[in-house]
Amino acid sequence: MFRQFPLFFGICLMAALERTTAAIDVTQDPTLIAKLSNAASQLDRLQYLSEDSAWVFDYKKQGYFWNTRPGGVVNANVNTFPASFGNEMTMAWINLGPCCMLTPHFHPRAVNWVTAISGNTTTYMIEENGAHTVKTQLDFGKSTVFPRGSVHSMVNQACEDAILISALSNPDAGTMNLNQVFNAGIPTDELNAAFGFNNFINDNTKNGIPEIGTGANWGTDECLARCGINKDDSPPSPSFNGSALNMRRP
């Protein structure tokens with residue numbers, strides 16, 4: 001673990017100075033979820049989901065779906081898609097713009113399968129103390145798995161958009177971003193002791209960590225310069241326009 005720590009800590013600290021990634025999903029219809037929870041049988045539940053439209057989740061209507069600068073994550077789960085209640089999974093759509101990343105995080109209640117639809121994404125995963133960091137390259141049609149509780153990160157180091165589908169084995173998978181540990185209530189002096197520095201983490205560090213957002217983080221300055229990207233520029237149209245024939249592939 002510790003021989004891999006500089007890699008993950010470097011990614012984590014870089015993320016802490018930018019906008020965090022994983023969304024906190026707000027239950028859109030708590031009354032309906034309560035009814036589904038209290039129903040005696042699946043047949044009873046189906047009465048509350050009697051409209052055909054209740055069984056369709058449209059990622060494109062989720063506001064930040066087309067966000068590719070830096071990126072966006074949209075979850076279809078029990079919070080956002082009541083028909084998924086009791087069906088034991090979450091399906092997420094990930095847009096990663098050029099030079100963007102999902103920062104190191106883990107899902108406490110789910111295994112996570114990720115499949116690349118377009119672009120080229122580098123992933124990192126470490127499962128426990130003593131394990132080596134698994135690094136993969138996912139381009140069109142390639143997939144990897146992040147075991148439950150493993151720390152993982154996804155980075156688009158290319159100059160084109162990347163799209164991934166992420167399946168999690170729980171409708172309430174949960175997400176914890178590692179950079180949030182700096183503002184999780186652990187005393188600063190104890191954090192510094194844990195990381196082996198005297199004053200590396202301070203109030204300025206903590207104040208620079210934004211609240212959890214809905215998209216991805218910008219990546220390295222090297223990639224931004226190489227791809228000629230200005231963070232303040234208006235994003236171009238997404239590379240995926242709704243037809244599988246029009247997705248960019250390597």
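This is a predicted model: local features need pLDDT of at least 70, side-chain atom pairs count only at pLDDT 80 or more; totals for chains, interfaces and linings use all residues.
**Entry 1: aromatic rings**

I began with the rings. A pair of aromatic rings is described by the distance of the centres and the angle of the planes. I looked up both for each pair I noted. The structure holds three aromatic pairs. One of them joins F57 and Y59. Their centres lie 4.8 Å apart, and the planes make an angle of 80°. I logged that pair as edge-to-face, because 80° is over the 60 degrees that this class needs.

F57 also pairs with F81. Here I read 5.6 Å centre to centre and 55° between the planes. That pair is tilted.

Where do F57 and F81 sit along the chain? F57 is in the loop between helix 3 (42-48) and strand 1 (71-76). F81 is in the loop between strand 1 and strand 2 (90-96). The two parts are 24 residues apart in sequence, so the pair ties them together.

I then checked burial. F57 has a relative accessible area of 15%, and I noted F57 as buried because the cut-off is under 20%. Y59 is buried too, with a value of 15%. F81 comes out at 16% and is buried. Last, I looked for a cluster. F57, Y59, F81 and W93 form one.

**Entry 2: cysteines**

Next came the sulfur atoms. A disulfide is a covalent bond between the sulfur atoms of two cysteines. How many disulfides does the count come to? I found two.

C99 is joined to C223, with an S to S distance of 2.2 Å. The torsion about that S-S bond is -80°, and the link is left-handed. I placed C99 in the loop between strand 2 and strand 3 (100-106). C223 belongs to helix 6 (residues 221-227).

C159 lies in the loop between strand 8 (151-156) and strand 9 (162-168). C227 is in helix 6, and the two residues are 68 apart. C159 is partly exposed, at 45% relative accessibility. C227 counts as buried, at 18%.

I numbered the bonded cysteines in sequence order. The pairing reads 1-3, 2-4. C100 takes part in no disulfide. The nearest cysteine sulfur belongs to C99 and is 6.7 Å away. C100 is buried, with 0% relative accessibility.

**Entry 3: the sheet**

Strands of a sheet pair through backbone hydrogen bonds, either parallel or antiparallel. In what order do the five strands of the open sheet run? I wrote down 1-2-9-4-7, with antiparallel pairing. Strand 1 and strand 7 (143-146) are the edges, since each pairs on one side only. From one strand to the next, the twist averages 20°.

I looked at one strand pair in detail. Strand 2 and strand 9 run antiparallel and are joined by seven bridges. I also traced M91 to a bridge partner, A167 in strand 9.

Conventions: Residues are numbered from 1 along each chain as its sequence is written. Side-chain values use heavy atoms; hydrogens and water are left out. Rings of Phe, Tyr and Trp (its six-membered ring) pair if their centres lie within 6.5 Å; planes under 30 degrees apart count as stacked, over 60 as edge-to-face and the rest as tilted. Buried means under 20% relative accessible area, exposed over 50%, partly exposed in between (1.4 Å probe, protein chains only). Helices (H or I, at least four residues) and strands (E, at least two) are DSSP runs, numbered from the N terminus. A disulfide is a pair of cysteine sulfur atoms within 2.5 Å. Two strands pair if DSSP finds at least two bridges between them. Axes are lines fitted to C-alpha atoms, for helices over the stretch in contact, and angles run from 0 to 180 degrees between N-to-C directions.
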